[in-house]
Amino acid sequence: APDIPVIDQAYSKLSNSITVEWRAVPGATNYMLTAQDGDSFVETTVKSSPGTVTGLKPATLYRITVRSINSGGKSQPSPFRKVKTVLAAPILSVHSLSCDSIAVSWKAVHMAAGFSVSLMRSDGLGRVLKQNTTNTSLIFTNLDPGTLYTIKAYAWNANGMPGDDFTYNQRTSPNAPVDVKVAFNSGALRAVVSWMPTEGALTYSVTVSSGLQKLRCNTSSASCMVPSLQCSSEYDVSVTAHNDAGSSEPTDAVSLKTIPCAPVNISIEEDEPGHLLVSWSSVSLGHYYVVFVKSDDGLEVHCNTSHTQCHFQSDCGFTYFISVFAYNKAGQSPLGDVLNYTTAPCCPGDFRAVFVSSDTMRVTWAPVRGADLYETRAAGGSGVLLCRDTATACSLSALQCSTPYNITVSSFSEARGSSASCAPHYMATAPCSPEIKNISKEGLSVISVQWQPNNEEAMYVVTARGKAGIWHCTSTRNSCSLMDLPCGSAFSVSAIARSPAGQSLPSYSIPLETAPCCPNDLILTQVTQSVTNISWSIGRGAQTYVTTLESPKGQAKCHTLQTYCLLGCITCGTNYTVSLRAISETGLTSSCTYQGYSSSACCPSGVKLYRLSNNGIRVFWRASDETINYNADLHGSKGNFSCTPSSGLSHCDITKIPCGDVYTVLVAPVTKKGLKLTFCPKKIYS
């Protein structure tokens, strides 16, 4: 085992350890240090001198020994040394009482006779403050606000030996911020509070209070935004600085008045047409008000007032959007209720009324603003007619004829109802249709038409319309005459009434037929001695004809559909009166008279032929009347021959007749016009 080491010195610098110094022992590889306090001890192995035994109790007397160690074992303990550990450091409790003071306190330290506490700025500026005391607390004053200080304290024993020291860093609480400013954002109802930063402040708190309401905002910068402020409120704004030492005193309160709240209880009245009255309730902190009125065509007007009502001019048929704002120095109130007010629609203009029939009137007008529905009211006659439609036109039907009406067109809207009293328009309907009572014939071509007058101050027009043309007559009474109507024509006769209000519907048509026309031309041709052919031109409107030849000796009559007729039993040499009746399909008759007719003279009788010399022939007959002239004709293949006797004679001679021929001999009276009749009996002569 190695030799026993010799302790040179042993001392305590910390309250939980003792340091030992010794001379090195040859061959020793380690050393064991032992600190013994009564029955307890603490051992520590070290490589060389010096060595420190730790884990000791403060202010305690220990016996210190050293043993050397190698592979052969341990030496005997060295002679001991008595060493006492120093006092424990006081455990400080430090806080800043104010922005310029720090209070330090601690618990009593065992075996301590007094304490030494020093304080200095941690940045090394300024002087060191040191105080010795036997108490367990003290206060440093007149310090810099918001400044970090280093505090060092230790205890000493009765011998003045200092113990462990205790170091503590403490910052003084900050000073209150200065130059507090409040910027209010009226649109967002929030405020930005700013101030000059204060030394040593780590954070700031802003308090915004009004009555029972308190709003806070914490920040580490020199400004803070406080949201959710209420309108029409007055707030006290203060700022407090904070750090780990505490808080400053709050700043003096800065007054903040927010914008006024939006006006409520807004009402709109149209106290008279064309004037709107807008009123509202007073608003706290509102200095004046602005009312904006915007019409639906984009035009906007406004009114500034310190009162709670405003007057505006308005037009019919417009919708107005009305908003009211309150103002003070903080700004404009938020947008409140936007009310709309629709004025009654305008009275329709550009009124036009046209009769589309006698009892139907079409009324049109120009559209007006704000109208959702139109009502047309026609008052007159025995009642009132109503027409409601969304269109700008209305047809009033079943109107009474010859009646004045007051027609009023009003407009309606769902929002406001009917328009103001609109002026009526006077209109009169056309006259009533007349009723034809009788049509009578007054003359050859004159027709009288009578009707029932049923209008006042009306002109009546009677019209006869047919293929032959149109005829009119007019009268303000109850009858008129149609003149010069053509014969043989069919007409439709109707009547209308005219007045300044218009023209009535035509009356029911009455058919009218004039008597057929007499034929213009009538020709009589004697076919035989007892048969006469009569022909005539067509009589317009006639269907059948009755012709009559009448003389004292008798009458011949024919009824036919044709325009000719053969009449028999005619007496020769007789004067006849000629008449014709034209009869229409409906039985109307026209009696026509013509120039008298004389039948031809009677044919001679007892015609005989005698041969004369010189190839001549004498023709002999018995005349029916000595005043009648006759003519004798011979017709043969070799020639035709004739002779006419002198007046009063009943024979004549024909000479130089070729022989050997067959002749037809005809003796017939000669008419006044010199015509020869061919129907008398013929004789054959060979």
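**Pockets, cavity and salt bridges in a predicted model**

Lining the second largest pocket are 19 residues, and Lys 441, Leu 444, Cys 487, Thr 514 and Ala 515 lie nearest its centre. This is a predicted model, in which local features need pLDDT of at least 70, side-chain atom pairs count only at pLDDT 80 or more, and totals for chains, interfaces and linings use all residues. Residues are numbered from 1 along each chain as its sequence is written, and side-chain values use heavy atoms, with hydrogens and water left out.

**Second largest pocket**

- A pocket is an open set of points on a 1 Å grid over the protein atoms alone, with protein on both sides within 12 Å along at least five of seven lines; lining residues have an atom within 4 Å of a point.
- The second largest pocket holds about 330 Å³ of space; a volume is the space filled by probe spheres set on the points, which are joined across faces, edges and corners.
- β40 (435-441) and β47 (510-513) are the elements that give two or more residues to its lining. Strands are DSSP runs (E, at least two residues), numbered from the N terminus.
- β40 gives the most to this lining, with 3 residues.
- The lining of the second largest pocket has 13 nonpolar, 4 polar and 2 charged residues. Ala, Val, Leu, Ile, Met, Phe, Trp, Tyr, Cys and Pro count as nonpolar, Asp, Glu, Lys and Arg as charged, and the others, Gly among them, as polar.

**Largest pocket**

- The largest pocket has a volume of about 930 Å³.
- Its lining takes in 29 residues, with Ser 598, Ser 599, Ser 600, Thr 671 and Lys 672 nearest the centre.
- Two or more lining residues come from each of β48 (522-526), β53 (575-583) and β55 (597-598).
- β48 gives the most to the lining of the largest pocket, with 5 residues.
- By class, the lining of the largest pocket has 13 nonpolar, 13 polar and 3 charged residues.

**Cavity**

- The whole structure has 1 cavity of 30 Å³ or more. A cavity is a set of grid points where a 1.4 Å probe fits but cannot get out.
- The largest cavity holds about 30 Å³ of space.
- Asn 631, Asp 633, Ala 668, Pro 669, Val 670, Lys 676 and Leu 677 line the largest cavity.
- β58 (630-636) and β61 (663-669) each supply at least two of the lining residues.

**Salt bridges**

- The structure holds 11 salt bridges. Each is a side-chain nitrogen of Lys or Arg within 4 Å of a carboxyl oxygen of Asp or Glu.
- Asp 37 and Lys 57 meet in one of them (3.3 Å, N to O). Asp 37 is in strand β3 (residues 30-37) and Lys 57 in the loop between β5 (51-54) and β6 (61-70), 20 residues apart.
- Asp 37 is partly exposed because its relative accessible area is 21%. Lys 57, at 44%, is also partly exposed. Buried means under 20%, exposed over 50%, and partly exposed in between (1.4 Å probe, protein chains only).
- Asp 350 pairs with Arg 352 (3.5 Å, N to O). Asp 350 is partly exposed at 48% relative accessibility, while Arg 352 is exposed at 51%.
- In the salt bridge of Asp 653 with Arg 618, the closest N and O atoms are 2.7 Å apart. Asp 653 is in strand β60 (residues 651-654) and Arg 618 in strand β57 (residues 616-622), 35 residues apart.
- Salt bridges that share partners join Arg 121, Asp 123 and Asp 144 into one network.

Key. Helix = DSSP H or I, 4+ residues; strand = E, 2+ residues; numbered from the N terminus.
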